[in-house]
Amino acid sequence: MKEQYTLTFYTEDQMGLVNKTAVIFSRRKISFESFNISLCEINGMYRFTIVVTETLETVRNLALQIEKIIDVYKCYLNTNTEIVHTQTALIKLPTHEATQDNVQELMQKHNAKYRVLERDYIVFEVSAEEKEIDLLISLLMKNGLIEFVKSPRVALIRAGKGFEEELKYF
């Protein structure tokens, strides 16, 4: 049965790493739902966070291929219950719509923050799980949504002491 998994792996900066990662997935006809690269707690290292919906066996094989083909220290594979995760969205609404009581209540319910207030539009920031953001976006479509953008998933694994502790044993 297909389920959503988050792959997290750590590596030093290397040319072509994104391409190598994409090739592993494209050969298996697997699409990224989310792809994030960021600095991590270890100086000079990067954390890749990739979200896919696949079977456990397929994702296990992906994790093994990533460790084998790409020069990574470790590739973790987790379900949504094994991680803490969030996404951020920026949402632009016309000022005359954003100031309506029903929109204000909706934005408060989703803990939206004002980022930009202009005469013609207001930009809000919302951090939440993807489903929550998608629901909010669908509700705001009725209120003249001008545009929105969502960040990739950011995630931390609940168990363990973090990768820095494990790195000592490599």
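The accessible surface of the protein comes to about 10400 Å², and carbon and sulfur atoms account for 50% of that area; accessible areas were computed by the Shrake-Rupley method with a 1.4 Å probe, and for residues only the protein chains shown count as cover. The model is a predicted one, in which local features need pLDDT of at least 70 and side-chain atom pairs count only at pLDDT 80 or more, whereas totals for chains, interfaces and linings use all residues. Residues are numbered from 1 along each chain as its sequence is written, and side-chain values use heavy atoms, with hydrogens and water left out.

Along its principal axes, the C-alpha trace of the protein spans about 55 × 35 × 30 Å. The secondary structure comprises six helices and nine strands, where helices (H or I, at least four residues) and strands (E, at least two) are DSSP runs numbered from the N terminus. Of the 170 residues, 37% count as buried, a term that here means under 20% relative accessible area, while exposed means over 50% and partly exposed lies in between (1.4 Å probe, protein chains only). Among contacts between residues at least 6 apart in sequence, 74% join residues at least 24 apart, a contact being defined by heavy atoms within 4.5 Å. The mean positions of the 21 positive and 24 negative charges are 4 Å apart; Lys and Arg count as positive and Asp and Glu as negative, with His and the chain ends not counted, and each charge is placed at NZ of Lys, CZ of Arg, CG of Asp or CD of Glu.

The interior was examined next in terms of nonpolar cores, each of which is a set of buried Ala, Val, Leu, Ile, Met, Phe, Trp, Tyr and Cys residues joined through side-chain atoms within 4.5 Å. The largest nonpolar core has 17 residues, and those with the most contacts inside it are Leu7, Phe9, Phe25 and Ile66. Strand S1 (3-12), helix H1 (17-27), strand S3 (45-54) and helix H2 (56-69) are the elements that give two or more residues to this core, and the largest share, four residues, comes from H2. When neighbours within four places in sequence are left aside, isoleucine 66 is in contact with Leu7, Phe9, Ile24, Phe25, Val72 and Cys75. A second, separate core of 16 residues includes Val126, Leu136, Ile137 and Leu140.

Phenylalanine 25 lies in helix H1 and, at 1% relative accessibility, counts as buried. Not counting residues up to four places away in sequence, phenylalanine 25 touches Leu7, Ile30, Phe32, Ile50, Val52, Leu62 and Ile66. The C-alpha atoms of phenylalanine 25 and methionine 141, which are 116 residues apart along the chain, are separated by 33 Å. Leucine 93, placed in strand S5 (residues 83-94), is likewise buried, with a relative accessible area of 0%. Although leucine 93 and isoleucine 122 are 29 residues apart in sequence, they are 5.5 Å apart in space, C-alpha to C-alpha. Beyond its neighbours within four places in sequence, leucine 93 is in contact with residues including Ala98, Val103, Ile122, Phe124 and Leu140.

The structure holds six aromatic pairs, for which rings of Phe, Tyr and Trp (its six-membered ring) must have centres within 6.5 Å, with planes under 30 degrees apart counted as stacked, over 60 as edge-to-face and the rest as tilted. Tyrosine 10 and tyrosine 76 form an edge-to-face pair, at 6.2 Å centre to centre and 90 degrees between the planes. Because tyrosine 10 lies in strand S1 and tyrosine 76 in strand S4 (residues 74-79), this pair ties together parts that are 66 residues apart in sequence; both tyrosines are buried. Tyrosine 114 and phenylalanine 124 form a tilted pair, at 4.9 Å centre to centre and 45 degrees between the planes. Since tyrosine 114 lies in strand S6 (residues 113-117) and phenylalanine 124 in strand S7 (residues 121-128), the parts tied together are ten residues apart in sequence. Tyrosine 114, at 40% relative accessibility, counts as partly exposed, whereas phenylalanine 124, at 1%, counts as buried. Ring pairs also link Phe9, Phe25, Phe32, Phe35 and Phe48 into a cluster.

Lysine 29, although not a glycine, has a positive phi of about 55 degrees; lysine 29 is found in the loop between H1 and strand S2 (34-39) and, at 74% relative accessibility, counts as exposed. Asparagine 111, also not a glycine, has a positive phi of about 55 degrees, lies in the loop between helix H4 (101-109) and S6, and is exposed, with a relative accessible area of 62%.
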